[in-house]
Amino acid sequence: MTDEGRMAALEARISILEDELAIARVLADYSLALDWLDDATLDRVFWDDAQIDYGFFKGSGADFKPILMEVERGMGRRWHFTSQLRTAIDGSSARVTGYNLSLAADSVQSNDNSRLTGFFGFYNDRMEKRDGRWAIAGRKHILVAGTDLPDVAITGDLSALNTIGATGTDHPDFATLPIG
């Protein structure tokens, strides 16, 4: 292989890695946007014309975003996690699947009467790169299971840990997050 051929192959491999990293960041931003109630970040996660199917909602990204944030704002605490991504990139589009775990508590503070609701499933996403930026162009959420767990009051030795309290873009730790 010529030096030019090796350079072209290396540039192609780097481009794929950069796209995979950008896609993973979009999915991390999705979780952070929900957990910190950050509408501006969520707005960059979904294209407005995205085709969204969560079962309880089927429609456009533009219509989904405010409904999703209303649900999240109704929770006292929330935590979203997406992992084990599998990505197939074809030019400026990609198919992506990842495992999803989310937990929500009805209260801002842990107490002996609060509960954690957990959801476990998959995201099957279609991503598109437009004007150099990746975002979700289609998503189907597939629920595998849900559960309800007791929330343990944070007392004793646990009370020495930092606890989150009410989240939002005005939370003192929000400014330290590498999003945006």
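From the N terminus on, the elements of the protein chain follow the order α-α-β-β-α-β-β-β-β. That makes 3 helices and 6 strands, where helices (H or I, at least four residues) and strands (E, at least two) are DSSP runs numbered from the N terminus. The model is predicted, so to speak of local features takes a pLDDT of at least 70 and side-chain atom pairs count only at pLDDT 80 or more, while totals for chains, interfaces and linings use all residues. Residues are numbered from 1 along each chain as its sequence is written, and side-chain values use heavy atoms, with hydrogens and water left out.

Now for the overall picture. Taken along the principal axes, the C-alpha atoms fill a box of roughly 65 × 40 × 30 Å. Of the 180 residues, 36% are buried; buried means under 20% relative accessible area, exposed over 50%, and partly exposed in between (1.4 Å probe, protein chains only). Among contacts (heavy atoms within 4.5 Å) with a separation of 6 or more, 60% come from residues 24 or more positions apart.

Next, the charges. The chain carries 18 positive and 28 negative side chains, counting Lys and Arg as positive and Asp and Glu as negative, without His and the chain ends. The centres of the two sets lie 5 Å apart, with each charge placed at NZ of Lys, CZ of Arg, CG of Asp or CD of Glu.

Side chains of opposite charge can pair when their charged atoms come close. A salt bridge here is a side-chain nitrogen of Lys or Arg within 4 Å of a carboxyl oxygen of Asp or Glu, and the count comes to 13 salt bridges. Three of them are listed here:

| Salt bridge | N to O distance |
|---|---|
| Arginine 73 and aspartate 39 | 2.5 Å |
| Aspartate 43 and lysine 65 | 2.6 Å |
| Aspartate 48 and lysine 65 | 2.6 Å |

What does lysine 65 in helix α3 tie together with aspartate 48 in strand β1? This pair joins parts that are 17 residues apart in sequence, strand β1 spanning residues 46-53. Lysine 65 also pairs with aspartate 43, which lies in helix α2, 22 residues away in sequence. Is lysine 65 buried or exposed? At 8% relative accessibility, lysine 65 counts as buried, whereas aspartate 43 is partly exposed at 43% and aspartate 48 is partly exposed at 46%.

The salt bridge between arginine 73 and aspartate 39 links helix α3 (residues 61-73) with helix α2 (residues 39-45), its partners being 34 residues apart. Arginine 73 is partly exposed at 42%, and aspartate 39 is partly exposed at 39%.
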